[in-house]
Amino acid sequence: MIEVRNLTKYYGQQLAVDGLTFDIRPGLVTGFLGPNGAGKSTTLRMMLGLDRPDAGSVSLDGRRYEDCPDPLRRIGALLDAGAVHGGRTAYHHLLWLAQTNGIDRGRVDEVIEVVGLGAAASRRAGGFSLGMSQRLGVAAALLGDPEILLFDEPVNGLDPEGILWIRNLLKGFAEEGRTVFVSSHLMSEMALTADHLIVIGRGRLLADVGMAEFVAEHDSLEDAFLQLTSRSVEYRSGGVES
Ligand SMILES: Nc1ncnc2c1ncn2[C@@H]1O[C@H](COP(=O)(O)OP(=O)(O)OP(=O)(O)O)[C@@H](O)[C@H]1O
């Protein structure tokens, strides 16, 4: 469970995240939807302690990220698939991460298997395609077998096969009871992947709604998303407290 409360971030004079409050529940894929510049990445970075909020808080199963003694075992994240040392092999990238976090070497082989990188494990990550880099990023997020998983735009730039792989993987993690939070600027992708939707625009919460409810209420999801983000009024689904 992730609890976001009044989360606020300024960059200089610019308000990037504006008093966000919502919960992300386990056992579901929760889509974090918003147009470019809406504040999604900034919110994810604050969840991971990479950016300091100007106000508000994020609690991960009852604790702030900074207060987790073993963060990799609590929360796994894929923010930027390119953030690897290109000269290291996939195996050694994961081994370095595991060893600096007190994770058993055997787990490296397990996650390589889960993401289907077995044949490429001894190749340098610098030569990887985008799809392979995404797989390596997912493997790193899974190393600590965390209950909470965050993904920032994981399907960006992937081919249809890669998109399908990510989609099924996220659903599988949710079925295992994990808390899965995935950002996107594509309504169409979220409609196929997410069970629940958090929509933001200009840093503000616009919707906190079940996907099935959102689909039932709108003829065209793309139009509904456009309308929602072009308005600055808050939208709340019936019965969903946010
Ligand atoms: N390091 C930074 N310094 C200054 N402004 C920033 C910084 N990071 C983000 N911003 C600004 O904060 C706002 C939110 O950006 P953010 O990257 O969080 O949005 P996003 O929803 O993830 O967008 P995208 O889908 O384009 O990545 C934008 O106006 C952006 O220009």
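## Report on a predicted chain

V111 lies in helix α4, residues 105-114. Helices (H or I, at least four residues) and strands (E, at least two) are DSSP runs, numbered from the N terminus. The model is predicted: local features need pLDDT of at least 70, side-chain atom pairs count only at pLDDT 80 or more, and totals for chains, interfaces and linings use all residues. Residues are numbered from 1 along each chain as its sequence is written.

V111 counts as buried because it has 24 C-beta neighbours inside 10 Å. A residue is buried if 20 or more other C-beta atoms lie within 10 Å of its own, exposed if 12 or fewer, and partly exposed in between, with C-beta atoms placed from the backbone. Leaving aside neighbours within four places in sequence, the contacts of V111 are L94, A139, L142 and L143. Two residues are in contact if their C-beta atoms, placed from the backbone, lie within 7 Å. The C-alpha atoms of V111 and L143 are 6.5 Å apart in space, while the two residues are 32 apart in sequence.

For the chain as a whole, 42% of the 242 residues count as buried. Among contacts between residues at least 6 apart in sequence, 70% join residues at least 24 apart. The chain holds nine helices and nine strands. Its radius of gyration is 18 Å, which agrees with the value near 18 Å for a compact globule of 242 residues. That radius is taken over C-alpha atoms, and the globule rule is 2.2 Å times the number of residues to the power 0.38. Along the principal axes, the C-alpha atoms fill a box of roughly 50 × 40 × 35 Å.

Three strands form an open antiparallel sheet in the order β2-β1-β4. Its edge strands, β2 (14-24) and β4 (55-60), each pair on one side only. Two strands pair if DSSP finds at least two bridges between them. Neighbouring strands are turned by 20° against each other on average, direction ignored. Axes are lines fitted to C-alpha atoms, for helices over the stretch in contact, and angles run from 0 to 180 degrees between N-to-C directions. Helix α1 (residues 40-47) packs on this sheet and touches β1, β2 and β4; its direction makes about 120° with that of β1.

The two pairings are listed below.

| Pair | Sense | Bridges |
|---|---|---|
| β1 and β4 | antiparallel | five bridges |
| β1 and β2 | antiparallel | seven bridges |

Strand β1 spans residues 2-11. V4 has V58 in β4 as its bridge partner, Y10 has L15 in β2, and K9 stands opposite V17 in β2. β1 and β2 form a hairpin with two residues between them, and G12 in the turn has a positive phi of about 60°.
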